[in-house]
Amino acid sequence: MNHVRSATHVCPETVHHTWNNQHNPTLFIESGDSVIFNFRDVSNLQLNIYSKIEDFQRMNKSQMHPISGPIYIEGAEAGDTLEVEIMDLQTTGWGWTAIIPGKGLLSEEFTEGYIRTFDLNKKTHFKFNKNITVPIIPFLGTMGVAPEVDGDHPIIPPNKFGGNIDIRHLTKGARLFLPIQVNGALFSAGDGHAAQGDGEICINGVESPLYGELKFTLHKGSTSKTPYFYTSTKSACFADNSKGFFGTTGIGPDLKKCAETAVKNMIDHLERNHSLSRKEAYILSSLTVDLKISEIVNEPNYVVSAYLPLSIFN
C-alpha cells in the first residue's frame, strides 16, 4: 500500500449512465483522500416526494441510474485493489419505491405500476403506515470501477468490477474492496437507498438522494478477482432484532422458484395478518424482508427462507 494522505475533495455534481473506461474523470485524487458526494436518486431527480404513478410513467428512462464520477486515483493500475471506506451516508429527506411492470422477483403476478413516496426527515425511521415503522439505514446500491472491456456497459447488472451490487450491509463504517480493471481505477457510485431487505425483492428499495463521504485507499497488487467487503455486526443486522422474526420458506430444486415461493408466502401472511393490500405487502417485503439460502446441500431440493423483522410493527 502506498502512503496515505488525508485531503478531502468535493465531487462535481456531474453524472453518467453507463460504465465505460473512456469516460473522462471528474476528479483526480491520491490514495488516502476522501471525497464528498451529493448522490442523485435512481430516477435522476425526475421524481419527488409528491410524485404519482403518472409521473413515474412519464420519466425519461434513458436518464435513470445516474452515477457520480468517475474518480481517477493516482498510481492505480490494472491488477491493483481499491479500498472504499464509507465514512458517512445520509438521506436528504425523502425517498420512493415502486412496482415496475415486468421487473422484480414476482413480475408475472404484479403487472400494474405502483409508487409510494416517504418522508425521511425523522432521520432514524419512517412510517410505512400507521402500524408499521421502518428503520432508515442508508447505503449505496452501486459502487464500481471502470470495466476492462471497451465500450458502454449498462449500470445493471453487477459485474466483477462491482457496479449495481445492492449489498445493503455496505453502510457507514463498511469497507468495500474492488479489483481495478484499468489505470486510474475510474470509480463511480450512486443508487442511494434509505432502506432495503436482502434481495431487493420488488426491484426497488427506498430510492433516495444521499449525501455521503467515501475514503479511497490504493492497495498495490490483486487480492481478489471479485469485490469483497468488511462490515460491522451492528450494520449487518436489522436495526432492532428485539422482537425476533417471522419466517416463510420455499422448497424445491430451483433456487429462484424457492425464493418466489417464500416471498409469496410472506405476502399472503402480511395480507392476512396485517391488513395490507397485496401491492403494499410486496413493496414492504422489498424494504424489510431478508432472503436467505437456508439449505443448498441436500439435492435435489433446496430451501430459501424469508425473514420479516417483527420490530417494524407498532
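Let's start with a pair of strands: strand 1 and strand 5 (residues 34–39) run parallel and are joined by three bridges. Helices (H or I, at least four residues) and strands (E, at least two) are DSSP runs, numbered from the N terminus, and two strands pair if DSSP finds at least two bridges between them. This is a predicted model, where local features need pLDDT of at least 70, side-chain atom pairs count only at pLDDT 80 or more, and totals for chains, interfaces and linings use all residues. Residues are numbered from 1 along each chain as its sequence is written, and side-chain values use heavy atoms, leaving out hydrogens and water.

- Thr-8 has Ser-34 of strand 5 as its bridge partner.
- The open sheet has six strands in the order 1-5-17-7-15-18, with mixed pairing.
- Strand 1 (8–10) and strand 18 (228–230) are at the edges with a single partner strand each, so one side of each has no neighbour in the sheet.

- Another open sheet holds three strands in the order 19-21-20, and its pairing is antiparallel.
- Its edge strands, strand 19 (245–252) and strand 20 (290–295), each pair on one side only.
- Strand 20 and strand 21 (residues 302–309) are antiparallel and joined by five bridges.
- Lys-292 has Ser-305 in strand 21 as its bridge partner.
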